[in-house]
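Here is a short briefing to read beside the model. Keep the 3D view open and find each part as you go.

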Amino acid sequence: MTIDNFNFDGKKAIVRVDFNVPLDENGHITDDTRIRGALPTLKKILKDGGSLIIMSHMGKPKGKVNPKMSLAQIKDAVAKALGTEVEFAADAADATAAAEALKPGQVLLLENLRFHPEEEGKPVGIDKEDPAYDAAKKEMKERQKEFAKKLASYADVYVNDAFGTAHRRHASTAVVADYFDDDHKMLGYLMEKEVKAVDNILSDIKRPFTAIMGGSKVSTKIGIIENLMDKVDNLILCGGMTYTFAKAKGGNVGNSICENDKLDLALDIIRKAQEKGVNLVLGTDCVAADAFSNDANTMVCSVMEIPDGWEGLDAGPETRKLFADTIKGSKTILWNGPAGVFEFDNFTAGSRAIADAVVEATKEGAFSLVGGGDSVACVNKFGVADEVSYVSTGGGALLEAIEGKVLPGVAAINGK
Ligand code: AMP
């Protein structure tokens with residue numbers, strides 16, 4: 001079933017959204033992109049005359065109640081975005097009465113699903129090495145089914161619009177779908193758009209295809225980096241991983257973030273890029289700081305010669321030009337991860353240069369996909385989110401989809 005073909009009139013819809021929005025220390029939302037992203041789906045259901053049961057996770061409470069990650073904090077923001085009142089169910093597993101009471105047009109927000117270990121379906125408090133682990137895992141999988149069944153019991157129809165968690169087989173993202181027939185489960189508009197954007201990147205690659213991978217570490221991105229090497233013409237690796245590469249090549253990286261146990265891996269990536277004819281673009285110079293602080297003293301130096309006591313926090317001017325030149329001629333662009341500690345205003349230049357070049361290439365006709373929490377925060381910070389082709393809400397999910405992996409959240413609905 002597709003959301004456009006379904007009439008929600010008089011129906012109760014349980015919708016998995018990704019409202020894992022960043023909050024400041026006072027519990028105020030600092031970026032509401034994810035809430036805005038789910039609105040088309042939520043509004044369509046209400047407009048049809050349906051009622052809404054909204055469910056999401058927030059943060060990593062690891063199966064325990066944690067007020068700092070309570071969705072009660074965002075209830076008013078959701079109500080404001082929807083333009084209607086929102087009821088709150090303080091326990092996602094005990095909302096039968098609240099769901100039953102819903103009338104068409106009414107909205108119920110469930111408390112953070114991950115307050116229940118059943119959501120993720122992983123046994124808690126037991127080590128993987130423990131001989132009892134397998135039995136605990138099996139038991140938790142059964143409990144996960146029961147939890148999913150409970151969630152399913154609240155509604156007539158299930159909609160998954162949480163692309164950010166589509167790569168997880170959790171109770172609310174996949175297992176719950178088992179309790180609805182094909183005519184009563186569907187992807188939301190955001191999910192449809194995300195799946196299409198990935199399809200666009202993978203099925204119709206206009207060349208040159210440039211991928212820009214940044215962020216702090218090589219280790220968390222290695223899967224996608226290796227996979228991308230079979231697809232891209234240019235691979236820009238930037239951000240904190242620059243220094244692991246520089247050190248692997250014999251440089252002195254001072255106090256820069258560096259994964260000393262990944263030096264061989266870095267050399268391996270360089271070798272593979274050569275073998276595959278991929279133009280691997282690494283930073284040559286950086287803006288180094290004498291402390292991890294926005295107000296630190298700075299200097300521009302080679303990434304190979306960072307003095308002790310200094311750390312590379314942003315791309316240098318030569319690097320920025322190199323990245324921009326590579327990006328500008330591209331016809332397909334994927335950007336995940338910042339080129340520096342963009343959260344500090346004095347270290348945004350690298351990420352800004354990338355954003356500007358991606359915007360320019362997009363104006364020239366390139367398809368540009370920006371994804372992953374931090375790159376999205378970047379394009380928002382620079383005010384250019386509307387000037388790239390597509391801003392994905394997914395980090396891990398986007399990367400796994402581009403790696404060609406089946407996303408359980410999508411498969412649970414489409415069967416593929
Ligand atoms: P990730 O979660 O791996 O995508 O990394 C995102 C984080 O990488 C952001 O919070 C950036 O501040 C950080 N980052 C980028 N460049 C650097 C750098 N040169 N040193 C330390 N952290 C960095």
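Thr332 stands opposite Phe367 in E16. That strand, E16 (residues 367-370), pairs with strand E15 (residues 332-336) in the parallel sense, over four bridges. Two strands count as paired if DSSP finds at least two bridges between them, and strands (E, at least two residues) and helices (H or I, at least four) are DSSP runs numbered from the N terminus.

This is a predicted model, where local features need pLDDT of at least 70 and side-chain atom pairs count only at pLDDT 80 or more, while totals for chains, interfaces and linings use all residues. Residues are numbered from 1 along each chain as its sequence is written, and side-chain values use heavy atoms, with hydrogens and water left out.

**The sheet**
- E15 and E16 belong to an open sheet of six strands, with parallel pairing and the order E10-E8-E7-E15-E16-E17.
- Its edge strands are E10 (279-282) and E17 (390-391), each of which pairs on one side only.

**The two domains**
- The protein chain is divided into domain 1 (3-190) and domain 2 (197-402), with bounds that come from an automatic or database domain assignment.
- The centres of domain 1 and domain 2, taken over C-alpha atoms, are separated by 33 Å.
- Eight residues from domain 1 and twelve residues from domain 2 make the contact, meaning heavy atoms within 4.5 Å.
- About 790 Å² is buried between domain 1 and domain 2, and carbon and sulfur atoms give 58% of it; buried area is the accessible area (1.4 Å probe) that two parts lose on being put together, summed over both.
- In domain 1, the residues that lose the most area to domain 2 are Phe163, His167 and Leu190, together 58% of what that side buries.

**Salt bridges**
- Across the interface of domain 1 and domain 2, the rule finds zero salt bridges; a salt bridge is a side-chain nitrogen of Lys or Arg within 4 Å of a carboxyl oxygen of Asp or Glu.
- A search of the whole structure finds 21 salt bridges.
- Side chains of opposite charge can pair when their charged atoms come close.
- The side chains of Arg143 and Glu139 meet in a salt bridge at 3.6 Å, N to O.
- Why can you look for these two about one helical turn apart? Arg143 and Glu139 are separated by about one helical turn because they are four residues apart in helix H5 (residues 133-153).

- The peptide bond from Arg207 to Pro208 is cis, with omega near 0 degrees, and Pro208 sits in the loop between helix H6 (189-203) and strand E7 (209-213).
- Lys62 is not a glycine, yet has a positive phi of about 55 degrees.
- You can find Lys62 in the loop between strand E2 (51-55) and helix H2 (75-82).
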